[in-house]
Amino acid sequence: VHTIGPWTFLGSTLSATIVFGIFSYALFLIHKKRLLENLRVIGASVSAIVLVVCLSYFSGLIPPLPLALTEAGVYHSLEHVADGYRVQSEFAPPWWHIGTQEVHTTSNSSLTVFSAVHAPIAFSNTVLHRWEHYDEKKNTWVTQSKIAFSMSGGRAGGYRGYSTKGTLEDGEWRVSVETTSGQTIGRIRFNVKIQDVLPPLQVQTR
């Protein structure tokens with residue numbers, strides 16, 4: 001149907017349940033007694049699966065399939081070039097580094113988050129970048145910006161998009177890649193450290 005959302009999900013779940021019902025009826029015609037002996041177990045199992053999948057979908061425990069985040073990164077600058085995007089980033093920490101990525105910037109600089117979302121062919125939708133800062137006093141994440149852009153599927157590496165934000169504060173940040181209905185496709189987290197000058201940067205093409 002070239003779209004996603006709660007009604008599409010519920011429709012596909014109902015369709016799958018109907019198909020399984022037709023399959024069960026075929027088994028009933030083949031071996032009535034054996035199916036009736038196991039009908040209670042089959043019914044309970046199917047109901048439990050449908051319930052768990054629906055609860056997981058609407059609570060955000062699973063991503064809004066068939067969308068999937070294939071790549072995400074935070075950069076100091078981004079420029080669209082012929083073969084992709086030219087970005088400037090800090091040098092990667094050593095392979096043994098454990099923990100949230102740390103990004104150093106100045107008080108008047110901005111940061112850009114780049115993401116690639118895999119989507120099926122002939123699919124189009126709108127995605128959001130939700131920028132959130134962790135408020136230590138309130139012990140909660142506070143939304144600072146929501147930036148929307150359209151996407152279309154079919155590219156092997158995923159549909160690429162980005163958003164930029166200035167006036168960043170010290171502390172923990174996260175950017176969630178979401179659908180317009182608020183479901184999270186993926187997320188990137190990083191710590192911002194404000195300093196007087198930018199650190200050495202490297203240039204890459206994504």
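These notebook entries record what I looked up in the structure above.

**Basis.** I worked with a predicted model, in which local features need pLDDT of at least 70 and side-chain atom pairs count only at pLDDT 80 or more, while totals for chains, interfaces and linings use all residues. Residues are numbered from 1 along each chain as its sequence is written, and side-chain values use heavy atoms, with hydrogens and water left out.

**Entry 1: a sheet.** I took helices (H or I, at least four residues) and strands (E, at least two) as DSSP runs, numbered from the N terminus. I counted two strands as paired if DSSP finds at least two bridges between them. I noted that strands of a sheet pair through backbone hydrogen bonds, either parallel or antiparallel. I found an open sheet of three strands in the order β1-β5-β8, with antiparallel pairing. Its edge strands are β1 (68-75) and β8 (159-165), each of which pairs on one side only. Neighbouring strands of this sheet are turned by 15° against each other on average, direction ignored; the axes are lines fitted to C-alpha atoms, for helices over the stretch in contact, and angles run from 0 to 180 degrees between N-to-C directions.

I then followed one pairing. β1 and strand β5 (residues 111-118) are joined in the antiparallel sense over seven bridges. Which residue in β5 is the bridge partner of Tyr75? I found Thr112.

**Entry 2: Arg130.** I located Arg130 in strand β6 (residues 124-135). Leaving aside residues up to four places away in sequence, Arg130 touches several residues, including Thr143, Lys146, Arg174 and Glu178; contact means heavy atoms within 4.5 Å. The side chains of Arg130 and Glu178 are also joined by a polar contact of 2.9 Å. Such a contact is a pair of N or O atoms within 3.5 Å; within protein, one must be able to donate a hydrogen and the other to accept it, and residues adjacent in sequence count only if both atoms are side-chain atoms.

**Entry 3: aromatic pairs.** I counted rings of Phe, Tyr and Trp (its six-membered ring) as paired if their centres lie within 6.5 Å, with planes under 30 degrees apart stacked, over 60 edge-to-face and the rest tilted. A search of the whole structure finds ten aromatic pairs. Phe9 and Phe58 form an edge-to-face pair, 5.8 Å centre to centre with 90° between the planes. This pair links helix α1 (residues 6-30), which holds Phe9, to helix α2 (residues 32-59), which holds Phe58. Phe9, Tyr57 and Phe58 form one aromatic cluster.
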